[in-house]
Amino acid sequence: MIMMQPNLDNLVPAYVREFEPYIPSKPDPELQKLYGCSRLLRLNNNENPLGPPPAAQETIKRFPSVKGAVYPSGDSYYLRQEIASFHGIEPDQILVGNGANEVITFVIKAFCEQGDNIITADKTFAVYEWVAVFSGIEAKVIPLRNNGFDDRAMLESINERTKIIFVCNPNNPTGTYWSKETLIHFLEEVGGRQIVVIDEAYYEFVEADDFPDGISLLKEYPNLVVFRTFSKMYGLAALRIGYLAASLNLVDMIRRTCVVYSVNAIAQEAALAALRDDTGHIEKTRKLVREGKDFLGEELSKLKLPVIKNEGNYIIAKLPGSDTLAYRKLMREGIMIRPMTGFRYPNHIRITISHLEVMEAFAGALKKVLQG
Amino acid sequence: MDKKNSMLTLSLNAQPSLLPVVTQFVESSANVFGLGKNECLKLVLATEEIFVYLCNFVCGGKDMEIQCVNGLYYAKVRFRFSAAEMNLRGLNIASTISHERQSDLEEMGLMIASKSVERLNVVIEKNNRVSLEVFKEKVYPKISETFLPAKNLEDISIETPDAERLKLFAGMAAQYCDDPHSPPFLKYPGKILDMVAGGEYQSLVAINKKKEVIGGIIYFNRTEKIVQCFGPYLFHQEKQAEQGNLLLNACIGKIARTKALGLLVVSGLPETLQSGFETLGSFNYYAEGKEPLVKTPFYRHLHEDPGCEVWSHPDLDDYLRSEYDRLFLARTIRTIKNMGESRLGNSLFQAEIQREKSEVNLFPLMPGADFFTNVERHVRFLRDDGLLNIFFSLDLGFSWHLELIPALIANNFRPCMVLPFAGISDLITFQYDYDAAKSR
């Protein structure tokens, strides 16, 4: 019997049909084959070159393989207790997800329906916009001002259908941030009428004194949601684990759209160990980032390339030509950076800070590419 | 009926006796869509030719849908029918049908219908349905005013223009940027307005503090993955790079998170903006009574190149390898090999004819045993019809497309560009070389 093909034009909503699926990069061996390079240095995803803290590494190593057959804690019970104690809040104020990307989806699903909108910036982490668009929700993207989130313009864009405002603090990719004063002022202006999400994926990298700890503001601002991740500073990107913190009432609502059992057992245990680690992992990473940024800043300046260098473990450089062409040329040299056209920064590249020898290899390759 | 993109549909059985119903339907629809009397008549003429032709030679007695679509700056008539159990060979633009009067032989087929419209196209849709479309454009008044350029170039910002600013931009672009590369539509502000209002095209303008227009850009989806832009057009010699970059960056900002993978410019690019682009080769553009114009397509990827597999033919390998190497594109080239196998049936080529530009773009829709004769017949017909710019594109994602290479080369087609991700995979375009053909 020949089965009739489903009519996807009728079955799939237009906002899904029109959405372009994100195609992640191929695995390294495939890319090496394609680009003909013998090694590949990944400087594209802002990963921590030191890996997870030693305690987390140990936990991963010791994970009993037999436990692979057993479901994990469906709501990351022990990890939530640890995170709560770490921040001095209630465990029920925490929701753990399969990476921070998953908690973005939870929040949009919980608060938005068709006809609603979210507000974010044009040049920031793309996933807020993506999730909104493929859920049929309008994403208002406000242009950055001086490479930072424009608080005034965002407030002016709010209308009666605005449900969530996403602020990436510090911003990926520019590293700019709202100070505590700016954030509080913004929250006061919003006045609890919308949900304000502060994505603090790069929180642990920030060394500026006036940088706010969003979680410490949860008591005063019950419309505030804060995202944190274990993928960046804690080096657990491969395990996909992140969380949100908010007031009990908000979490109670968000929990309804949350997929339980989505966080695996190794990730939960490794994240817990990462929080308990006392080997100075954060300080070591910050030192590496500081040195790498100084070195790279100087090298880029020698090449007369304008840079955007702020908080976070990354730097943006503006090239004299196409960023996507530079990506391909650098790939032939075995170096993978992030071209920024997709972030609406054409002709810019974002480079993850890594060990000095890696930064040297990148600087050498970039010089060659620009001269060629 | 929604004015924008409105569509009317007539369902019938393909029988010549229903011709009056069909012509009445198309005439009434085109009238409602605002086509002028002459244009309406020409569209009806083309409809008549096509309907009778389809009834007699392609899908007689089968169900057919005729759709009239309002594209605002054009009206389109689309004939849709099932391709099952039909010999689609007759849909080749260069198809000849046996006829009692030998003298009519070359006037048969779809070629005659194509002469009274701007565009004719055959598309094989999903679910094995065939769509034959003819487009008739409205006639718009040519710009006659002259405009003084704005003097103030401070505090430039980019915005989506309202109708009056868009017309102003078009008028100024026609006045200040009138070079051989400019698209003819720039001279017709009303047309640009309808092109944008119809949703196919989008526009951005650069304005100064006083909200005076100092430049602009127009763009549209050439394919699902490729956006093509016209401009940026700038009306001042000063600060061209700065303003041009603002417009380009705004355009890229609009498309960066859409399905688009690449941005293409074929209508020339100011030198100051070329560094952000790669050149994709070049081709000659011919116009009656003019020197050929060398066009260089400029292209930029919008994302990381994920790499892909492309099919090739031994006679194309060197060209592809050298182009992919020059463009630093990661491609696994798989070369097809003929192992003595045979092809059955007749091939079908899509022929998109654009009379205004004396241009035809051919593309294979179905393989067949007659590749060589079909290419040769198309060239002969299109040359005889006076079309000066004949292109043939192949999708390197389909191995069978590459079987056409010997026929294309033997018929004086030369590769002129590879457009990344313009099809299932990359699209290679060949241009018919009139000079080489003469010298043979």
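**Figure 1. Seven strands of chain A form an open sheet in this predicted model.** The strand order is β2-β8-β7-β6-β5-β3-β4 (chain A). The pairing is mixed. Two strands stand at the edges: β2 (94–97) and β4 (138–142) of chain A. Each has a single partner strand, so one side of each is left without a neighbour in the sheet. Neighbouring strands are turned against each other by 20° on average, direction ignored.

Figure 2. Strands of a sheet pair through backbone hydrogen bonds, either parallel or antiparallel. Look for A:T120, which stands opposite A:V141 in β4(A).

**Figure 3. Helix α6 of chain A packs on the sheet.** This helix spans residues 100–111. Helix α6 touches β2, β3, β5 (162–168), β6 (195–199), β7 (224–229) and β8 (242–246) of chain A. The direction of the helix makes about 120° with that of β2(A).

**Figure 4. Chain B meets chain A.** The contact involves 24 residues of chain B and 25 residues of chain A. On the chain B side, α6 (240–255) and β14 (298–301) each supply at least two residues. Which element gives the most to this side of chain B? It is α6(B), with three residues. The residues on this side divide into eight nonpolar, ten polar and six charged.

**Figure 5. Chain B has an open sheet of seven strands.** Read across the sheet, the order is β6-β7-β8-β9-β10-β14-β11 (chain B). The pairing is mixed. The edge strands are β6 (157–159) and β11 (278–279) of chain B. Each of these two has a single partner strand, so one of its sides is left without a neighbour in the sheet. Helix α6(B) packs on the sheet and touches β6, β7, β8, β9 and β10 (262–265) of chain B. The direction of α6(B) makes about 155° with that of β9(B).

**Figure 6. Strand β8 of chain B pairs with β7(B) and with β9(B).** Strand β8 runs over residues 213–221 of chain B. Is β8(B) mostly buried or exposed? Seven of its nine residues are buried, so the strand is largely enclosed by the rest of the structure. Strand β7 (residues 201–207) of chain B runs antiparallel to β8(B), and seven bridges join the two. One bridge pairs B:V205 with B:G216 in β8(B). The hairpin of β7(B) and β8(B) has five residues between the strands. In that hairpin, B:K211 takes a positive phi near 65°. Strand β9 (residues 226–234) of chain B also pairs with β8(B) in the antiparallel sense, over six bridges. B:G215 stands opposite B:L234 in β9(B), and B:I218 stands opposite B:F230. A hairpin of four residues joins β8(B) to β9(B).

**Figure 7. Helices α4 and α5 of chain B cross.** Helix α4 holds residues 163–176 of chain B, and helix α5 holds residues 189–197. Their axes come within 8 Å and cross at roughly 130°. The two helices are therefore oblique to each other. The crossing is right-handed. From α4(B), the contact is made by B:A163, B:L166, B:K167, B:A170 and B:G171. From α5(B), B:P189, B:I192, B:L193 and B:V196 take part. The contact residues divide into seven nonpolar, one polar and one charged.

Conventions: Residues are numbered from 1 along each chain as its sequence is written. Chains are lettered from A and ligands numbered from 1 in the order in which they are written. This is a predicted model: local features need pLDDT of at least 70, side-chain atom pairs count only at pLDDT 80 or more; totals for chains, interfaces and linings use all residues. Two strands pair if DSSP finds at least two bridges between them. Axes are lines fitted to C-alpha atoms, for helices over the stretch in contact, and angles run from 0 to 180 degrees between N-to-C directions. Two residues are in contact if their C-beta atoms, placed from the backbone, lie within 7 Å. Ala, Val, Leu, Ile, Met, Phe, Trp, Tyr, Cys and Pro count as nonpolar, Asp, Glu, Lys and Arg as charged, and the others, Gly among them, as polar. A residue is buried if 20 or more other C-beta atoms lie within 10 Å of its own, exposed if 12 or fewer, and partly exposed in between; C-beta atoms are placed from the backbone. Angles under 35 degrees count as roughly parallel, over 145 as roughly antiparallel, 65 to 115 as roughly perpendicular and the rest as oblique. A crossing is left-handed if the near helix is turned anticlockwise from the far one by less than a right angle, and right-handed if clockwise.
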